[in-house]
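I opened a new notebook page for this structure. I begin with its aromatic rings and then turn to the fold.

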Amino acid sequence: MDASLLFWGLIFSSIGIGFFVYGKKQQAIVPLLCGLALMIFPYFVSNVIVLVVVGVVLMAIPYFVRI
């Protein structure tokens, strides 16, 4: 475990909680699923660069996909 891995995991999980709560209150499926993914994926990624890239992509999906 690296300190930067823990830090980025905490950041993306916190943002994921925000997306999840927003998606649940607004009944919007895209932010809900992206929030869930942002909370879960840091547990399965062990490379910091991959963690940051996937996190940024997951954060950008609700902006570009409006369902």
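Entry 1, aromatic pairs. I looked for pairs among the rings of Phe, Tyr and Trp (its six-membered ring), where a pair needs centres within 6.5 Å. By this rule I count 4 aromatic pairs. W8 and F12 make a stacked pair, with 5.7 Å from centre to centre and 25 degrees between the planes. I note the angle classes: planes under 30 degrees apart are stacked, over 60 edge-to-face, and the rest tilted. The model is predicted; local features need pLDDT of at least 70, side-chain atom pairs count only at pLDDT 80 or more, and totals for chains, interfaces and linings use all residues. Residues are numbered from 1 along each chain as its sequence is written, and side-chain values use heavy atoms, with hydrogens and water left out.

I then looked up their exposure, where buried means under 20% relative accessible area, exposed over 50%, and partly exposed in between (1.4 Å probe, protein chains only). W8 has a relative accessible area of 29%, so I list W8 as partly exposed. F12 has 2%, so F12 goes down as buried.

Why is the pair of Y63 and F64 edge-to-face? Their ring centres are 5.0 Å apart and the planes stand at 80 degrees, so the pair falls in that class. Y63 is exposed, because its relative accessibility is 56%. F64 is exposed as well, because its relative accessibility is 65%.

Which residues form one aromatic cluster? I wrote down F7, W8, F12 and F41.

I find 3 helices and 0 strands in the protein, in the order α-α-α from the N terminus on. These are DSSP runs numbered from the N terminus: helices are H or I with at least four residues, strands E with at least two.

The C-alpha trace spans about 35 × 20 × 15 Å along its principal axes.

Of the 67 residues, 30% count as buried.
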